[in-house]
Amino acid sequence: MVPHLITALTGPINELEQRVLESMPAIERWFRLEWMEHTPPFYSSVDLRNAGFKLAPVDTNLFPGGFNNLTPEMLPLAVQAAMAAIEKICPEAKNLLLVPENDTGNSFYRSNLATLVRIFTQAGLNVRLGSMDPAVVGPTELAMADGSSLTLEPLLRTRGRLGLKGFDPCTVLLNNDLSAGVPRSIEHLHEQYLLPPLHAGWPTRRKSQHFKAYEEVAKKFSKLLGMDHWLINPVFTPLQSADFSAGAGLEALQTQVDTILNKTRRKYKEYGIQEKPFVVIKPDAGTYGMGVLTVRDAKDLAELGPRKLLGPVDDGAAAEHQIIVQEGVVTHERVHDAVAEPVVYMMDRYVVGGFYRVHADRGVDENLNAPGASFVPLAFSQSSQLPRLGEKPGVSAPNRFYMYGVIARLAMLAASYELEVTDPEAEIYA
């Protein structure tokens, strides 16, 4: 299944697909060389938008939920990738402690945890769940829709190690993005592997830092393929200390919105694109698509007011006045007549699967990561690593999804650049 692209301007995407397939040996070698110099995030997911004239990542999650949306056919890939990742980090690993979000009431999130437990169990590890939630004071059963259950236990901190009663893990895997802050119980774990590292969480992480790294990666990659990096890179600018509640910051925001819109207009003119450009304004920290605003004209900002500009942000998310203004990328893909965007899942440096996030009530220029979204896992039912060379661009599902996997891996590589820059314990060489 190749989801229908509802745009006449599929030329650049088909050309990009053809160029990527023709350059496959060079691309894979380039990635191998990059991974010799950089460490991939332990796991990640990337939201992509395919406009027909442009294909770009719009969000990279380093604490991905949603593993339950991968099809059973994809799980062997995830198990193999988990094995490779664990062997690289801690070959003698026996016990894995999985630390979830505090809010485990959502049945979909529970299914995500169950899938992660299954993946790492099949990778040869004893897996148990430990909660940072102070309300969890003893073993707590989480009922699953299929009648099974998961057991959540309170974390136990002893000196430099984190575990559970009677359970001492080699590795602690966070499935909690720390947007509510870093609890003392998981700080300074010098005797264990903590994955991802604390500075991957939202108290430290900034989207502007990630997209700055992505721009660098996109330029390198585009030079390799001899193409314009704009075709895979959304233009953006960060805006610090925009205190809208105090009436300040609006003028600076309008200026930045105008700047991004003008840059986009010039590119649209260059490529003969008949779309009306727009920008997306979102908090520089935080996830789940919260506080995301679509704007087509800087003048409209004056009528929105502080509450609309700030929007709802994550629980305890730092820096609600730090925002990012990003070129909007429409999605011209449709699944069952609903607007859709591909989401690619990776573990270590491998693409392990993906699905389409579909939202029948949202437009092509709106954020789809919102209540009412559904997931169609058919898209990656065939391995994204096995393209069919020689087929006409735009008609082969494996080719389309190989291309998506390439762009998602660029975002994952950018995340590794980003984590190196923000690592508080990085060695500094003179």
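## Packing of helices α2 and α5

Helix α2 (residues 24–37) packs against helix α5 (residues 207–225) at an angle of about 145°, and their axes lie 11 Å apart; axes here are lines fitted to C-alpha atoms, for helices over the stretch in contact, and angles run from 0 to 180 degrees between N-to-C directions. Helices (H or I, at least four residues) and strands (E, at least two) are DSSP runs, numbered from the N terminus. The crossing of α2 over α5 is right-handed, a crossing being left-handed if the near helix is turned anticlockwise from the far one by less than a right angle, and right-handed if clockwise.

On the α2 side, A26, I27, W30 and E34 meet V217, K220, F221, L224 and L225 of α5, where contact means heavy atoms within 4.5 Å. The residues of this contact divide into seven nonpolar, no polar and two charged; Ala, Val, Leu, Ile, Met, Phe, Trp, Tyr, Cys and Pro count as nonpolar, Asp, Glu, Lys and Arg as charged, and the others, Gly among them, as polar.

## Basis of the model

This is a predicted model, in which local features need pLDDT of at least 70 and side-chain atom pairs count only at pLDDT 80 or more, while totals for chains, interfaces and linings use all residues. Residues are numbered from 1 along each chain as its sequence is written, and side-chain values use heavy atoms, with hydrogens and water left out.

## The disulfide

The structure holds one disulfide, defined as a pair of cysteine sulfur atoms within 2.5 Å, and this disulfide joins C90 to C170 with an S to S distance of 2.1 Å. The torsion about the S-S bond of C90 and C170 is about 130°, so the disulfide is right-handed. The pair links distant parts of the chain, 80 residues apart, with C90 in the loop between α3 (75–89) and β4 (95–100) and C170 in the loop between β9 (161–163) and β10 (171–175).

C90 is buried, with a relative accessible area of 1%, and C170 is buried as well, at 18%; buried means under 20% relative accessible area, exposed over 50%, and partly exposed in between (1.4 Å probe, protein chains only).

## The six-stranded sheet

Six strands form an open sheet in the order β6-β7-β5-β4-β10-β11, with mixed pairing, and two strands pair if DSSP finds at least two bridges between them. Because β6 (140–143) and β11 (193–195) stand at the edges with a single partner strand each, one side of each is left without a neighbour in the sheet. Neighbouring strands of this sheet are turned by 30° against each other on average, direction ignored.

Within the sheet, β4 and β10 pair in the parallel sense over five bridges, and the bridge partner of P100 in β10 is N175. Helix α4 (residues 107–122) packs on the sheet, touching β4, β5 (126–131), β6, β7 (149–154) and β10, and the direction of α4 makes about 165° with that of β4.

Four strands form an open sheet in the order β12-β15-β13-β14, with antiparallel pairing. The twist averages 20° from one strand to the next. Strands β13 (residues 279–283) and β15 (residues 323–327) pair in the antiparallel sense over five bridges, and V280 stands opposite Q326 in β15. Helix α6 (residues 250–271) lies across β12, β13, β14 and β15, running at about 20° to β15.

S208, placed in helix α5, is buried, with a relative accessible area of 11%. Leaving aside neighbours within four places in sequence, S208 is in contact with F236, P238, D284 and I324.
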